[in-house]
Amino acid sequence: IYIYYNREVFQYGYMPLMGGMDGLTHEGYGRIIANHLINFNFIEFFRGNENIFYFMPGLRYFSTFEKFIFGNNFNGILLILIFFPISLYFVLIKLKFNKRFCMLFIILFVLLKIPYVGFSYDHFARGALTFYPETFSTFFFFIFIILMFNKKYFLSGIFCSLMVFIRPNYFPILFIYFLYNCYLFLKFNDYKKLFFTTLGLA
């Protein structure tokens, strides 16, 4: 919805960011890190443009990765926004909700504009297009849940770690997930699954 009403902004695949905001910092750091990687300056690449990460640490590397794949545009972000409600739909399916309920839920999620509550696609779209971490970490959370229910332990651990790397506030989810798997797999002596889960989370 937000993209449709502002489609003229994306004629060249890029939405200019306003000054004085965190998103501009993340975007700028991503460009600098990408330049370090191109020049094989690996020390500065892993340094991430500052000795101590004050902002969300993973978002600058997400920006760097997006630049390498999609170039100097927001097409990667737009792709995530396209799959965002789709991934939420499959999360609800994995939670055993009725398909009609899931479809109605997604339709309301896309159409309703409820700011600062979370139940609004418009809210997440605005966050992504101003390069704030919540949308990306939430998207990785959805992927993590889907992979977890599909028993893809290594991949689910990776996406759970990416979620926390982009937004460290979500660390309690990773911690609880790790403790739960430790209890479950040790109880049944399934050390292989515990190993792959721990490796993914690391």
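Reply: Let us start with a term: a salt bridge is a side-chain nitrogen of Lys or Arg within 4 Å of a carboxyl oxygen of Asp or Glu. With that rule, a search of the whole structure, which is a predicted model, finds 6 salt bridges.

Me: What makes K67 and E27 a salt bridge?

Reply: The closest N and O atoms of K67 and E27 are 3.1 Å apart, and the cut-off is 4 Å, so the pair counts as a salt bridge. K67 lies in helix α4 and E27 in helix α2, so this pair ties together parts that are 40 residues apart in sequence. Both K67 and E27 are buried, and the two residues also belong to a network of salt bridges that links E27, R31, E66 and K67.

Me: How do you know that R126 and D122 form a salt bridge, and how are the two placed in their helix?

Reply: The side chains of R126 and D122 meet with 2.8 Å from N to O, and since the limit is 4 Å, the pair qualifies as a salt bridge. R126 and D122 are 4 residues apart in helix α7, and therefore they are separated by about one helical turn. An α-helix has 3.6 residues a turn, so residues three or four places apart point the same way.

Me: Why is D122 called buried, and why is R126 called partly exposed?

Reply: Buried means under 20% relative accessible area, and partly exposed lies between that and the 50% above which a residue is exposed. D122 has a relative accessible area of 7%, so D122 is buried, whereas R126, at 40%, counts as partly exposed.

Me: Which other salt bridge joins two residues about one helical turn apart?

Reply: R47 forms a salt bridge with E44, the closest N and O atoms being 3.1 Å apart, and the two are 3 residues apart in helix α3, which covers residues 42–47. R47 has a relative accessible area of 29% and is partly exposed, while E44 counts as partly exposed at 24%. E44 is also touched by H36, which is in contact with N41 and F45 as well, when residues up to four places away in sequence are not counted. H36 lies in helix α2 and, at 17% relative accessibility, counts as buried.

Me: Why is A34 called buried, and what does A34 touch?

Reply: A34 has a relative accessible area of 7%, and because buried means under 20%, A34 is counted as buried. A34 has its place in helix α2, which covers residues 22–38, and, leaving aside neighbours within four places in sequence, is in contact with T64 and F68. A34 and K67 are 33 residues apart in sequence, but their C-alpha atoms are 7.5 Å apart in space.

Me: Which residues touch the most other members of the largest nonpolar core?

Reply: Of the 37 residues in this core, F62, I77, L81, F84, F131 and F136 touch the most other members. Helices that each supply at least two residues of the core include α4, α5 and α8. Leaving aside neighbours within four places in sequence, F136 is in contact with L59, F62, I77, I80, A128, F131 and I166.

Me: How many helices and strands does the protein have?

Reply: The protein has 11 helices and 0 strands, and 42% of its 202 residues count as buried.

How values were computed. Residues numbered from 1 in each chain as written. Predicted model: local features only at pLDDT ≥ 70, side-chain atom pairs only at ≥ 80, totals over all residues. Heavy atoms only, no water. Core = buried A, V, L, I, M, F, W, Y, C linked by side-chain atoms within 4.5 Å. Buried < 20%, exposed > 50% of the residue type's maximum accessible area, 1.4 Å probe, protein only. Contact = heavy atoms within 4.5 Å.
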